[in-house]
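Subject: Structure handover

Hi,

Here is the structure I promised to pass on. Please open it alongside this message.

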Amino acid sequence: MELFKPEFGLIFWMFLAFLCLYFILAKFAWPFIVKSMEQRADLIDKGVAYAQQAKANLDNAKAEADKVIAEARNQQAEILREAAKMKTQIIEEAKVAASAEAQKVTEAAQVSIEQARRESEKQLKEEVSELALQIAEKILRKNMSNDTAQKELVNRLLNEVETKN
Amino acid sequence: MWCRYAYIELMMKKVITAIVALVIVALMAFGYMNASHHAAKGHESKLDPKEVIFEHLGDAYGWEIPFSHHYRIPLPIIVHDKQGWHCFLSSRLADGKEYDGFKIATEGDYKGKVVSVDGTRPLDLSITKNAFGIFIAAVLVILMVFSIKRWYKKHGMKAPRKGTAMLELVVDFVYTDTIRPIMGREAPKYAPYLLTVFFFILTMNLLGLIVIFPGGANLTGNLAVTMVLALCTFVVTNLTGTKEYWKEIFWPDVPFALKCPVPMMPLIEFLGILTKPLALMVRLFANMLGGHMVVLVLVLLIMIFTEMFGAAVGAGTAVISVLLSLFMLLLDTLISFIQAFVFTLLSTIFISMAHVKHHVKVEVNKE
């Protein structure tokens with residue numbers, strides 16, 4: 001059977017071809033390819049690790065940002081509350097100041113009114129006394145006979161005038 | 001759900017039946033035409049299936065081209081006899097011609113080989129069909145492997161596309177998933193050899209399945225080819241073997257009576273060294289040869305049945321034969337890959353087994 005008898009020529013050529021193939025590929029191709037593939041595998045592994053790290057970092061950053069925002073919100077609320085407080089305080093103070101001022105004005109007005117009243121009283125008294133004098137003069141002119149009666153009359157008149165005012 | 005599948009299946013069956021019927025009718029017509037043509041010409045050659053099968057599986061000095069049994073691509077014949085080297089094209093010896101004192105023997109021990117006119121066989125280093133096929137396979141492997149290298153040179157760390165991606169997938173499968181887990185730190189050192197073996201075998205296997213010119217040579221189904229490959233693995237295994245490996249062969253850790261005075265275990269271990277490459281050689285050879293042979297027999301059935309029962313039966317057989325051989329070729333494609341992989345895997349295992357470090361002795365509790 002020819003098939004089961006290896007032919008020397010074919011063995012020779014096969015050996016030659018295989019050795020050439022091996023040396024060419026082992027020298028110029030396989031080490032480079034294997035190295036590149038391993039490098040790429042490493043690169044991909046590193047990339048995955050990096051991505052995971054980045055994701056973790058991002059999550060952290062988000063949490064941090066959330067914290068900062070919450071803090072800011074708190075501060076804002078605080079500030080607003082303080083501002084409201086300050087507002088009411090200012091209003092309160094203003095009210096107090098205003099009422100004090102009003103008081104002062106009223107007091108001044110009262111003083112001036114009193115003064116005016118006193119002055120007018122004084123004037124009135126003077127006028128009344130003048131009037132009285134005039135009345136007295138007239139009465140005196142009319143009847144100078146009865147002194148006491150006259151005096152009584154004068155006093156009575158004066159009193160009347162006084163109570164009237 | 002199942003009724004839908006059943007319906008599809010039924011439809012498929014109908015379609016297949018229709019196609020088969022059509023092919024049968026066409027082939028019958030063709031067969032009748034051919035038969036009448038032959039009858040008119042009046043010559044009929046007797047078919048010898050065994051001859052045809054072994055001619056297709058064996059080596060040749062020229063390469064057949066499709067649709068012509070007669071014209072062949074001439075290949076160089078290189079022979080050496082007492083007068084020195086002779087080198088000429090195989091076309092000079094076609095049709096039993098003699099040239100330079102050589103002819104192709106038609107019978108005897110050297111049937112189909114170049115012999116000198118007096119019947120002796122010279123040293124024959126001809127570039128035969130198989131040798132040429134080996135060169136083609138080698139060139140194809142070089143082109144494929146360098147295409148991957150070029151990609152990495154050009155594109156650096158980017159993932160390959162299309163054909164290169166497919167090749168890289170195979171390299172990755174062989175290297176990362178097979179060689180590295182088995183060999184560990186030694187993997188980069190032996191990867192070039194193992195990858196070369198894998199790609200060379202795979203290419204030769206697949207080339208063998210292609211019927212026309214660049215393929216069609218039964219390369220890995222040839223004992224010489226698998227022998228060289230197995231021999232290489234044998235040499236690599238035993239030349240790189242550690243001291244521990246040799247010690248385990250010639251002075252294994254077995255009861256003293258088993259190794260002296262009759263060296264039974266050493267003998268068995270030594271035979272083991274030889275059977276390993278032998279198994280590699282025969283496994284690849286037999287698998288590929290078997291696949292080719294089945295396809296050839298299936299195709300030949302057409303001719304045999306035509307000769308025995310006429311064109312109509314032959315045409316009917318053709319349908320079945322073609323379908324079956326199509327199935328066989330698909331199976332062979334799978335086998336091509338599997339056998340290349342198995343050869344590489346076993347080589348890897350043999351080489352790594354020869355690299356045993358000193359075993360840590362396990363304390364056996366004898367109670």
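Below is what was found, chain by chain.

Please keep in mind that this is a predicted model.

**Chain A**

Chain A holds three helices and zero strands. Read from the N terminus, the order is α-α-α. The C-alpha trace spans about 195 × 25 × 20 Å along its principal axes. The radius of gyration of chain A is 63 Å, whereas a compact globule of 165 residues would have one near 15 Å. Of the 165 residues in chain A, 8% are buried.

**Chain B: domains**

Four residues from domain 2 of chain B and four residues from domain 3 of chain B make the contact. What classes of residue does domain 2 of chain B bring to the side that touches domain 3 of chain B? There are four nonpolar residues there, no polar and no charged ones.

**Chain B: the sheet**

Chain B has an open sheet of three strands, in the order 4-3-7, with antiparallel pairing. Strand 4 (84–89) and strand 7 (123–124) of chain B are at the edges; each has a single partner strand, so one side of each lacks a neighbour in the sheet. In general, strands of a sheet pair through backbone hydrogen bonds. Strand 3 (residues 76–81) and strand 4 of chain B run antiparallel and are joined by six bridges. One pair to look up is B:D81, whose bridge partner in strand 4 of chain B is B:G84.

**Chain B: B:I201**

B:I201 lies in helix 5 (residues 187–209) of chain B. Is B:I201 buried or exposed? Within 10 Å there are 27 other C-beta atoms, and the cut-off for buried is 20 or more, so B:I201 is buried. Neighbours within four places in sequence aside, B:I201 contacts B:T220, B:L229, B:L284, B:A340 and B:F343. B:V174 is 27 residues from B:I201 in sequence and 13 Å away in space, C-alpha to C-alpha.

**Chain B: helix 8**

Where does helix 8 (residues 264–309) of chain B bend? The bend is at B:L300, by about 25°. Just after helix 8 of chain B comes B:G310, with a positive phi of about 100°.

Best wishes

Note on methods:
Residues numbered from 1 in each chain as written. Chains lettered and ligands numbered in written order. Predicted model: local features only at pLDDT ≥ 70, side-chain atom pairs only at ≥ 80, totals over all residues. Bend = angle between axes of the 7 residues up to and from the residue. Helix = DSSP H or I, 4+ residues; strand = E, 2+ residues; numbered from the N terminus. Contact = placed C-beta atoms within 7 Å. Nonpolar A, V, L, I, M, F, W, Y, C, P; charged D, E, K, R; others polar. Rg over C-alpha atoms; globule rule 2.2 N^0.38 Å. Buried ≥ 20, exposed ≤ 12 C-beta atoms within 10 Å, placed from the backbone. Pairing = 2+ DSSP bridges.
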